[in-house]
Amino acid sequence: MKIWLGLLLFLLPLFGESKLQILVINSYHRGFQWSDDVIKGIEKSFADKSKIETSVLYMDSKRIHSNEYFESLSQLYRLQFKGRKYDLIIAVDNFAFEFVTEHYEDMFKDELVLFTGLERFDAARLERLGLSDKVFGLLERRAIPENIQIATKLFPNLKELYIINDISKNGDDSEGFIREAIAEFSPHLEINYIRSSTREEILETFSHYNPSRAILFVRFYQDKLGRLYQNKEIAEMIGQLKTPVFVTDTLFIDKGALGGKLVPIERLGEATGDLALKILSNEVSAPYFKTFDEYLYQLSYPRLKEIDLSPMKTTEFFSRFEVINRPLDFFDRHRDLINYVFVFFPFVLVFAFMLFWNLIKRMNAEELLHEKIEFNDLLLRSVENPIFWRDSRGFLIDCNAQFTRLLGISKDRLVGRSVYDICGDLHTPVLEGLLTKVLQGESEQYDIDFKNHEGETLSFLVQASEYHDKSEKVAGVVTILFDMTKERRIKEELERQRQFQIQQSKLAEIGEIFSSIAHQWKSPLVEISTIVQELVYKSRKGSLAPAILEEYTKETMTQVTYMSDTLNDFQEFVRPSKQKCSFNVVSVSQKLLELCRHNIRYNYIDLKLDIQDSPRPFIATGYPNEFMQTLLNLINNAKDAILEAKARKRIKGGRITLSIKRLNGRLEISVSDNAGGVSLEAINHIFDIYFTTKSGGHGIGLYMAKVIIEDKMGGKINVSNTEEGACFRIELHDENTHS
């Protein structure tokens with residue numbers, strides 16, 4: 001009995017050996033993919049370590065971020081950790097790390113702390129808290145400059161790069177690296193940094209493919225309105241963007257992104273777990289901080305195919321890249337079956353070759369038959385467009401009924417004859433306008449206008465393509481005529497309507513100009529009236545000397561000239577610009593201010609022109625009169641908003657500022673006021689046609705401003721709210737960018 005009792009006491013410590021306790025505090029909620037992948041990697045590193053027990057706590061700081069919440073969380077954790085001792089605390093990202101270090105004295109005893117995923121940390125803060133000898137760290141560095149270089153290598157014609165980052169605290173940590181990268185590449189590349197935006201604005205900005213621009217996506221979990229997005233929503237946004245998107249980690253590489261130099265998130269977690277094991281085994285001592293330097297070079301095959309860019313055509317620079325998401329070919333889908341066939345049935349290879357050869361012969365025969373049927377049945381009978389084809393000698397082989405109706409000539413008078421015989425024997429105005437250009441034309445695409453046999457003017461897009469025989473020699477030319485008459489008329493009508501709307505919008509502003517002219521004319525009229533009265537008075541007294549008469553005449557002509565110049569300026573403004581031309585933005589703006597300044601001052605509003613100092617003139621290309629109309633509309637809108645704000649006693653004095661400056665190769669012209677701004681309900685519809693916030697507004701002015709600036713002048717116009725009021729910004733191409 002004593003022997004068994006001694007043996008039991010000897011074996012008891014072996015069965016009851018305590019495990020190492022690791023506490024993982026996640027900055028975010030369960031389901032947040034980035035931190036979930038990190039924790040998955042940590043647990044993968046601990047998978048074969050039976051002596052380690054891991055507990056995970058979620059802070060949910062993405063969705064709830066307030067001092068009250070963190071204080072409540074600290075009280076809960078004090079109760080939860082009371083009486084417990086951990087061998088290591090792992091803080092996932094900066095919220096958890098700052099929380100742990102801030103409340104270390106209250107919640108822990110002498111535990112070591114390992115942070116992971118941070119891009120920056122404050123070493124001085126650790127010294128102030130007395131924690132330098134307890135903290136380890138694995139820093140994450142996003143390859144921002146490297147990805148910019150990848151973008152320029154992959155797209156040699158790249159001119160604009162947009163870097164997207166959000167307004168979160170993690171975004172603050174990345175901003176310094178982004179700014180450094182911009183400073184490095186901006187002399188050779190136009191880089192636009194987007195940090196304060198919305199999902200809708202990004203989708204609108206990049207809704208069309210432009211081969212000269214790309215996006216470097218860092219993160220976008222929180223927009224400028226405070227809205228939070230899940231990974232699914234971000235992936236949907238990236239998938240909808242028509243501009244190539246480079247990313248810095250593996251979260252979205254298979255969800256619409258093109259690729260880049262990527263931080264493998266799950267591998268970051270594994271490296272964190274490996275470092276934790278070294279800490280527990282005393283292989284490293286605090287303070288110890290290491291930057292995670294393992295990256296993946298990946299490109300997504302579907303996005304490469306969308307932009308028609310094959311990695312096989314690129315330079316050796318991309319030999320390190322792995323092209324992922326390739327579609328499985330036949331051999332990949334049937335690998336097991338193929339292995340089975342090659343191992344157990346070698347003769348199947350010979351049989352398959354014979355079968356394949358026979359299949360190729362049948363496919364060629366069927367393809368030839370299909371081509372003949374397609375030409376005879378589909379093109380000649382079903383195609384609504386006129387179509388014909390001729391052989392290499394110039395003889396018409398066949399045509400459809402639409403072609404004969406277009407010419408007003410029967411088919412039997414066309415088919416089988418050479419184009420020279422047709423043009424010589426069947427000379428008609430239609431043939432003179434069409435056949436000599438189309439029948440004898442080579443393989444090309446062009447437009448043509450002519451009158452048919454009924455005298456109606458028609459417009460056609462002619463598509464002529466060569467076809468080849470079995471020996472790949474040119475056998476003839478197939479020609480299809482696409483009737484573009486209706487489309488051209490619709491286009492012309494739309495252009496007339498647009499010009500009408502522009503003039504309608506301009507007429508809506510003419511009343512303001514008339515009022516301004518009336519104010520400008522008051523002073524010279526008073527002056528002329530005074531001169532006339534003095535002339536009459538001195539004439540009656542007999543003291544009107546020739547010198548005095550000449551002086552009065554000169555003063556009168558000065559006032560008349562001023563009034564005439566005012567009318568000429570107004571007449572120039574009303575007259576539409578006939579064609580695009582280069583114009584000085586400052587001169588045009590000053591000219592407009594002279595027209596409307598008196599009306600603005602009459603309403604006791606301070607109108608200021610702020611021009612950036614520059615040795616080069618501010619030159620843009622477009623329509624100067626329509627540009628003046630746009631500025632006048634913005635200034636009048638600002639005036640009306642100020643008058644309404646003053647009537648409601650929200651402000652005392654009104655102020656309108658017209659600012660002109662040069663920014664990133666563009667000219668920025670802004671009109672801002674202090675009237676309180678545009679409501680959130682209206683700001684997204686402010687440029688919609690017939691949308692207005694005024695009681696008597698027509699809803700055309702700002703719509704036409706957008707049409708003039710964006711459609712006619714190739715610029716951009718937008719609106720945002722400042723601390724004092726609304727600010728409308730116009731961006732135009734700077735003609736002096738490279739001068």
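Predicted model: local features only at pLDDT ≥ 70, side-chain atom pairs only at ≥ 80, totals over all residues.
I would now like to turn to helix H11, which runs over residues 265–280 and so has 16 residues. From the first C-alpha of H11 to the last, the helix reaches 23 Å, which is close to the 22 Å expected at 1.5 Å a residue. After the helix comes Asn282, and the phi angle of this residue is positive, near 60 degrees.

Which residues of H11 are buried? They are Ile265, Leu268, Gly269, Glu270, Ala271, Thr272, Gly273, Leu275, Ala276 and Ile279. As a reminder when looking at such a list, an α-helix has 3.6 residues a turn, so residues three or four places apart point the same way. The cover over the buried residues of H11 includes helix H2 (33–45), together with strands E3 (88–92), E4 (112–116), E5 (135–140) and E11 (288–292).

Glu270 deserves a separate word, because at 19% relative accessibility this residue falls under the 20% limit and counts as buried. Side chains of opposite charge can pair when their charged atoms come close. Glu270 forms a salt bridge with Lys44, with 3.5 Å between the closest N and O atoms. This pair links distant parts of the chain, given that Glu270 sits in helix H11 and Lys44 in helix H2, 226 residues apart. Lys44 itself, at 51% relative accessibility, counts as exposed. Both residues also belong to a network of salt bridges that links Lys44, Arg267, Glu270, Asp274 and Glu294.

Finally, there is the pair of Lys261 and Glu146, whose side chains meet in a salt bridge at 3.7 Å, N to O. Here too distant parts of the chain are linked, with Lys261 in strand E10 (residues 259–262) and Glu146 in helix H7 (residues 144–154), 115 residues apart. Lys261 has a relative accessibility of 10%, and therefore counts as buried.

Conventions:
Residues numbered from 1 in each chain as written. Heavy atoms only, no water. Helix = DSSP H or I, 4+ residues; strand = E, 2+ residues; numbered from the N terminus. Expected span 1.5 Å × (residues − 1). Buried < 20%, exposed > 50% of the residue type's maximum accessible area, 1.4 Å probe, protein only. Contact = heavy atoms within 4.5 Å. Salt bridge = Lys/Arg side-chain N within 4 Å of Asp/Glu carboxyl O.
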